[in-house]
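Have a look at the structure below before you read on.

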Amino acid sequence: MALVEPTSQWHEIELPDLTIDKKKDKELTIDEIAQKKSYAKSLLKQENEKVDMTSRLSTSDRNFVSNIMTSGTLSDRVSALTLLIQESPLHSLKTLDTLLTMTKKKGRQEAVMALESLKDLFGGSVLPDRKLIYFADRPLGNASVEDRHLLLWYFEDHLKKFYFQVVQQIEALSHDPLVHVRDSMVRCIYDLLSNKAEQEQNLLKLLVNKLGDAENRVGSRASHMLVDLLVSHPGMKMIVVREIEQLLLRAGTPERAQYYSLITLNQTILTAKENAVANKLIEIYFVSFRRILKLSENEEEQQKLKKQEVEPEADQKKKGGKKGKKGKKGKKEDNNKKGGDTGLDVDDLQVKMVGAILTGVNRAFHFAKIADETVEKHLETLFKITHAGKFYTAVQALSLIFTISLAKQTVSDRFYRTLYESMLDNRLLITSKQTQYLNLLFKAVRADSDMRRVKAFVKRMIQIAGHHQPPFICGLFFLLNQLLSSKPALRTMLTTPEEDDEDEHFVDAPDEDEEEKADEEEKATEDKETKSTLYDGRKRDPRFSNAEASCLWELIPFRTHYHPTVAYYAERLFAGEKIEGEPDMHNNTLIHFLDRFVYRNPKKKTSTRGKSIMQPLTGRQDGGILMTRGNVDEQNATAAPVNTVEFWRKKVEQVPVDEIFFHKYFKQKRAGEPAEEPSNSKKRKLENDDEETGALSDNDGGADEDEVWRAMMSSIPGTLDDGDDVDIDEDEDDFDDDEMRALLEDDDDEDLENGDSDIDQLEMVEAPSSDSE
């Protein structure tokens, strides 16, 4: 009889709790532990033999499994083995060994299938929800230990070692040359790591190492799995962050692995209680910053050395000398190096890494508690980034500096100077991140308490609007409308005119010498006062541009802008009325207009977030604007299409300004269509007209072309008399066809006044021929 009944939940078998009492129980030596382990092994072997002899399966089931194992397909064999193990893992040692052997086969399909089967088994009921315990760590010295204890303890020890072999095989296949095999292993690692605690350190190391896979698909999969792991197991955040840190800061880590490590870290969800994790992330980001900038500095030094090497080489060419070994091979090496560890302005991957770092710092800074010296040490680097690299990276750096400036007034002035200068950056015209920039500009200006600087920003906002496309202008005007609501003092720039110093002043006439001296002093004073009161947009510091003494006269041309929404927003700004609605820059793009013109159905929103849980909500935050890129809100999704009767029957006041064109077009088109069928009298008149036209066309005795020509000629004064048949000599004809037509057209009015027209002449000629018939 078996000591343990076959069951799938072997770890739930109830056993008496045993502990080690140092006073009563003796401590076993290594040899004694080995003897007990050998005895437990024999118990497990006998247990499996007994169950095999009694057979858990009926005769028919045993025959069915036997046939499948001999002649079934690979999938059938793996399924049969899996079912046998599920019934009782403790009594399926041979079956487990068979599956493990299949994982080591050269056939990748068989190996992957066997590993996935073992993964499902271990993620299910085979492994408990705790870590397995070695046999030697059990209370073997307790006098109450029974054979059942030894049997289950040894099986757990055997299963722990067996599971380690499975993990080793997963590691081996995770380096397979085939991409789909490596991708499958990443999935297996994640499933085992998220479901069970056994071997979590090794599995986590394997999953993190796959961030540096040579295939983007595998690296991206590993990053996504790690983010999901942090969501399902938030207690592992610090463990995962430290493991990624080891890979990120390891010497010789490829840039691809660094990039995927950074984007995995910046997706970490933080809470107010996780200051330690946030501090650790900030530390990793700044260390990565220094490494990237060091590479950039090395790149600049290499460029200088390269220039120094090129000059002697050029001199050698002039002398007719040979290049030497450096030539093409050296050039190829430089090109390879250029594509590898290069600076921010050369390698796009490093630019993306800087963007990922800035994104992560922006997210972690709100939860971190770090020393001021650590932040100030890296501010110079952040300000340097705002002038180099891609514009999106500059926006990220400005956003981070703005976050720091809210806590440090010393940084605030320099930040606003940099932001004021960035508004004239040419990269703003072509970047795809205009929405992010406008939202940053809006938040920064709204948070500023210096009205001189705020008015300078508002003045420049209107100035740069003329250089941008309508979507940008509409977003800018919407934010400006929000600023006017939050800062009513800005209304003076639209309502109060600029000061005029042309008023007359009457004083006594001085002497000549005094007059010259007074004129010079007055001129100098006037020049000084003029310079101090006039607006000067060239000032680096917006506080000294004197924008408070100026008006927003640059806004006037936008009232007649060709884009209806721009003109509508400009009118709202002048009227001081609030702009209603959800500001979406996509609604003012050309592609949105074309989509409506072809009556394309709008896309409805399916989710408030993207695939990443750290992606911001698609709705407007803090009064800013958004870019949905094709998605629409529910109001637009349920609105009537522009080519329906429901739409064109609306009043003009009910139609949005950007759809007035469609409303007028369809209303005019509808008005031009016949409202009803023609009446019977109209039908008879049309039929009579058709009959008369057909009779004239079928009349053989109709007017001849020569007679028509003679009638036309006779109507011209001084040419031919009525009834004269004269041949016209081409040489004596001074009129060409064009001149003749012009003359006929000019004489039409005179003939009508005298009661003599071409029509009368034609009727006089045609009448005899018709009467003769």
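Here are my points, going from the whole chain down to particular residues.

1. Some ground rules. This is a predicted model, in which local features need pLDDT of at least 70 and side-chain atom pairs count only at pLDDT 80 or more, while totals for chains, interfaces and linings use all residues. Residues are numbered from 1 along each chain as its sequence is written, and side-chain values use heavy atoms, with hydrogens and water left out.

2. The overall picture. The protein's secondary structure amounts to 32 helices and two strands. Those are DSSP runs numbered from the N terminus (helices: H or I, at least four residues; strands: E, at least two). Of its 773 residues, 39% count as buried. Here buried means under 20% relative accessible area, exposed means over 50%, and partly exposed is in between (1.4 Å probe, protein chains only).

3. Surface and contacts. The accessible surface comes to about 46900 Å², and 49% of it belongs to carbon and sulfur atoms. Such areas come from the Shrake-Rupley method with a 1.4 Å probe; for residues, only the protein chains shown count as cover. Now take the contacts between residues at least 6 apart in sequence: 73% of them join residues at least 24 apart. Contact means heavy atoms within 4.5 Å.

4. Helices 5 and 7. How do helix 5 and helix 7 pack? Helix 5 (residues 108-126) packs against helix 7 (residues 179-195) at an angle of about 10 degrees, and their axes are 10 Å apart. That makes the two helices roughly parallel. The axes are lines fitted to C-alpha atoms, for helices over the stretch in contact, and angles run from 0 to 180 degrees between N-to-C directions. Angles under 35 degrees count as roughly parallel, over 145 as roughly antiparallel, 65 to 115 as roughly perpendicular and the rest as oblique. Among the residues that meet are Val112, Leu115 and Phe122 from helix 5, and Val181, Met185 and Leu192 from helix 7.

5. Helices 6 and 8. Helix 6 (residues 147-173) and helix 8 (residues 200-209) pack at about 5 degrees, with axes 11 Å apart. Again, that makes helix 6 roughly parallel to helix 8. Tyr163, Phe164, Val167 and Glu171 of helix 6 meet Asn202, Leu203 and Leu206 of helix 8. Follow the chain on and you'll find Gly212 in the loop between helix 8 and helix 9 (216-232). Gly212 counts as partly exposed, at 31% relative accessibility. Its C-alpha atom is separated by 8.8 Å from that of Leu247, 35 residues apart along the chain.

6. A buried threonine. Is Thr418 buried or exposed? With 9% relative accessibility, Thr418 counts as buried. Thr418 sits in helix 17 (residues 409-422). Leaving aside neighbours within four places in sequence, Thr418 touches Phe383, Thr386, His387 and Leu398.

7. Salt bridges. Side chains of opposite charge can pair when their charged atoms come close. The structure holds 30 salt bridges, each being a side-chain nitrogen of Lys or Arg within 4 Å of a carboxyl oxygen of Asp or Glu. One of them joins Glu274 and Lys237 (3.0 Å, N to O). That pair links distant parts of the chain, 37 residues apart: Glu274 is in the loop between helix 11 (255-265) and helix 12 (275-318), and Lys237 is in helix 10 (residues 237-248). Glu274 is buried at 17%, and Lys237 is buried at 5%.

8. Another pair to check. Arg559 and Glu571 meet in a salt bridge (3.1 Å, N to O). Arg559 lies in the loop between helix 23 (512-533) and helix 24 (564-575) and Glu571 in helix 24, so the pair ties together parts 12 residues apart in sequence. Arg559 is partly exposed at 36%, and Glu571 is partly exposed at 31%. There is also a network: Asp413, Asp448, Arg453, Asp541 and Arg543 are joined by salt bridges that share partners.

9. Leu590, Ile591, Phe593, Leu594, Phe661 and Tyr665 make a nonpolar surface patch of about 570 Å². Patches are made of residues with over 30% relative accessible area and no salt bridge; like charges are joined within 9 Å, nonpolar side chains (Val, Leu, Ile, Met, Phe, Trp, Tyr) within 5 Å. Helix 25 gives the most to this patch, with four residues. Ile591 lies in helix 25 and counts as partly exposed at 44% relative accessibility.
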